[in-house]
Amino acid sequence: NLQDELLNAWANDAGDKKKTDQLAQGLSHQVQRDEDAARFHLAAILKVANGSLPVPAANMILYSCYLDGWGVEIDRAESFRRLEMAIAQGSETAEWFMANHLLLLSEKLSAVLPGDPDRALEILRRLARKADDMSAMQLARRTFASYVAANFHINDVSWQDRELITWHATDLKQVYGSDCLTLALFFAR
């Protein structure tokens with residue numbers, strides 16, 4: 001099963017980092033769909049996440065579990081700690097989640113992570129331009145463009161930020177729902 005494959009790839013911290021992280025990402029889909037699966041896999045995920053081999057996907061699973069109570073009690077401080085660990089281990093997706101919390105797009109961590117839109121926008125700018133993870137780059141562009149278009153006047157936005165918003169706006173596969181109106185109003189100004 002996937003849990004055994006994960007533990008074998010991890011090999012008590014002597015295993016293959018990339019393969020372990022990929023297997024943890026696969027396991028995350030099972031955990032997110034089913035609380036019983038979360039409970040079943042929790043011990044193995046904790047073992048891998050607490051080891052010295054950096055496995056950001058394992059910490060992201062724990063971030064989600066503690067944030068939403070999947071198989072464990074909700075613990076926002078532990079959720080935030082796991083998010084920080086995933087960032088320290090190089091997860092650009094974790095950085096995107098951090099930016100969302102800093103923008104207070106989700107208030108679930110607001111008790112342990114106060115909003116800081118300036119810091120969030122800096123994270124999103126960097127990810128939108130330089131992320132190695134293309135999914136994180138697209139998420140950052142969408143979040144950045146949506147937030148700036150909704151909260152700033154076009155004349156108050158630097159040309160570099162307008163460029164990011166334009167990149168997002170011209171990728172019609174990435175523009176969803178209310179973003180269409182927000183972006184149209186932003187550019188119409």
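What pattern does the protein chain follow when read along the sequence? The protein chain follows α-α-α-α-α-α-α-α-α-α. The legends below describe a predicted model.

**Figure 1. Overview of the protein chain, with ten helices and zero strands.** The C-alpha trace spans about 55 × 30 × 25 Å along its principal axes.

**Figure 2. The largest pocket and its lining.** The space in this pocket comes to about 620 Å³. Its lining consists of 24 residues, and those nearest the centre of the pocket are Gln25, Ala57, Met60, Ser91 and Thr93. Three helices, α2 (17–33), α4 (56–68) and α6 (92–102), each supply at least two residues of the lining. Sorted by class, the lining holds seven nonpolar, ten polar and seven charged residues.

**Figure 3. The crossing of α4 and α6.** Both helices supply residues to the lining of the largest pocket, and here they are shown as a pair. Angles under 35 degrees count as roughly parallel, so α4 and α6 are roughly parallel to each other. The crossing of the two helices is left-handed. On the α4 side the contact is made by Met60, Tyr63 and Leu67, and on the α6 side by Ala94, Phe97 and His101. This contact has five nonpolar residues, one polar residue and no charged residues. Met60 of α4, which takes part in this contact, is also one of the residues nearest the centre of the largest pocket.

**Figure 4. The crossing of α6 and α7.** The axes of α6 and α7 come within 8 Å, with a crossing angle of roughly 150°. Because angles over 145 degrees count as roughly antiparallel, α6 is roughly antiparallel to α7. The crossing of α6 and α7 is left-handed. From α6, the residues in contact are Glu92, Glu95, Trp96, Met98, Ala99 and Leu102. They meet Pro117, Arg119, Ala120, Ile123, Leu124, Arg126, Leu127 and Lys130 of α7. Nine residues of the contact are nonpolar and five are charged, while no polar residue takes part.

**Figure 5. The crossing of α7 and α8.** Helix α7 covers residues 117–130 and helix α8 covers residues 134–151. The axes of this pair come within 8 Å and cross at roughly 135°. That angle makes α7 oblique to α8. The two helices pass each other in a left-handed crossing. On α7 the contact involves Pro117, Leu121, Leu124, Arg125, Leu127, Ala128, Arg129 and Lys130. On α8 it involves Met137, Ala140, Arg141, Thr143, Phe144, Tyr147 and Val148. By class, the contact of α7 with α8 comprises ten nonpolar residues, one polar residue and four charged residues. Pro117, Leu124, Leu127 and Lys130 of α7 belong to this contact and also meet α6.

Definitions and conventions. Residues are numbered from 1 along each chain as its sequence is written. This is a predicted model: local features need pLDDT of at least 70, side-chain atom pairs count only at pLDDT 80 or more; totals for chains, interfaces and linings use all residues. Side-chain values use heavy atoms; hydrogens and water are left out. On a 1 Å grid over the protein atoms alone, a cavity is a set of points where a 1.4 Å probe fits but cannot get out, and a pocket is an open set with protein on both sides within 12 Å along at least five of seven lines; lining residues have an atom within 4 Å of a point. Grid points are joined across faces, edges and corners, and a volume is the space filled by probe spheres set on the points. Helices (H or I, at least four residues) and strands (E, at least two) are DSSP runs, numbered from the N terminus. Ala, Val, Leu, Ile, Met, Phe, Trp, Tyr, Cys and Pro count as nonpolar, Asp, Glu, Lys and Arg as charged, and the others, Gly among them, as polar. Axes are lines fitted to C-alpha atoms, for helices over the stretch in contact, and angles run from 0 to 180 degrees between N-to-C directions. Angles under 35 degrees count as roughly parallel, over 145 as roughly antiparallel, 65 to 115 as roughly perpendicular and the rest as oblique. A crossing is left-handed if the near helix is turned anticlockwise from the far one by less than a right angle, and right-handed if clockwise. Contact means heavy atoms within 4.5 Å.
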